Amino acid sequence: MKKLTLEELKKIKEKAQSDLQARSPEGKDKIVVHMGTCGIAAGARETLLAILDEIEKRNLQNVVVTQAGCIGLCEYEPLISVQKVGGPKVLYKHVTPEKARKIIAQHVINGQIVTEDVLSTE
């Protein structure tokens, strides 16, 4: 096994610090995908994968995606909430992968809420 050099260790440290900073929600837009059993049964996993794919394709650095459990609104699953920095928290209902991509493009990037899919705002 090859021994790591000091330079290689520094690169590993810098990458780890960069990865940790990317996960920090401070000053970033937030997307929460509700992944309770009801959400998963309704397709939340596919919605989450579409969101992550769209963020990667568009190279969005200022967005943090997290998962949460059921919030008791099972009939509206899959549910996601989007909160842009300084904006209201918007809860979207029946979010398919196609709707998730639209929400990313319209709300997260352009700041326009996709009103036809909104369940509530805070």
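Student: In the hairpin of strand 3 and strand 4, which residue takes a positive phi?
Tutor: This is a predicted model, in which local features need pLDDT of at least 70 and side-chain atom pairs count only at pLDDT 80 or more, while totals for chains, interfaces and linings use all residues. Residues are numbered from 1 along each chain as its sequence is written, and side-chain values use heavy atoms, with hydrogens and water left out. Helices (H or I, at least four residues) and strands (E, at least two) are DSSP runs numbered from the N terminus. The hairpin has 5 residues between its two strands, and a positive phi near 80° is taken there by G86.

Student: In strand 4, which residue is the bridge partner of Q83?
Tutor: Strand 3 and strand 4 run antiparallel and are joined by 4 bridges, where two strands pair if DSSP finds at least two bridges between them. Within this pairing, Q83 has as its bridge partner in strand 4 the residue K89.

Student: What is the order of the strands in the open sheet?
Tutor: Strand 1 (residues 29-34) and strand 3 (residues 80-83) run antiparallel with 4 bridges between them, and in strand 3 the partner of V32 is S81. The open sheet has 5 strands with mixed pairing, in the order 2-1-3-4-5.

Student: Which residues of helix 4 are buried?
Tutor: Strand 1, helix 3 (44-57), strand 2, strand 3 and strand 4 are included in what covers the buried residues of helix 4. Buried means under 20% relative accessible area, exposed over 50%, and partly exposed in between, with a 1.4 Å probe and protein chains only. By that criterion, the buried residues of the helix are A100, I103, I104, H107 and V108.

Student: How many disulfides does the structure hold?
Tutor: A disulfide is a pair of cysteine sulfur atoms within 2.5 Å. The sulfur of C38 is 3.4 Å from the closest cysteine sulfur, that of C74, and therefore too far for a bond. C70 is likewise in no disulfide, its nearest cysteine sulfur being that of C38 at 3.6 Å. The number of disulfides in the structure is 0.

Student: Is N59 buried or exposed, and what is its relative accessible area?
Tutor: N59 lies in the loop between helix 3 and strand 2, and its phi is near 55°, a positive value in a residue other than glycine. N59 counts as exposed because its relative accessible area is 52%.

Student: What is the relative accessible area of H94?
Tutor: H94 is placed in the loop between strand 4 and helix 4, with a phi near 45°, which is a positive value in a residue other than glycine. H94 is classed as partly exposed because its relative accessible area is 33%.

Student: Just after helix 4, which residue takes a positive phi?
Tutor: Helix 4 bears the buried residue V108, among others. Just after this helix, a positive phi of about 75° is taken by G111.

Key:
Contact = heavy atoms within 4.5 Å.
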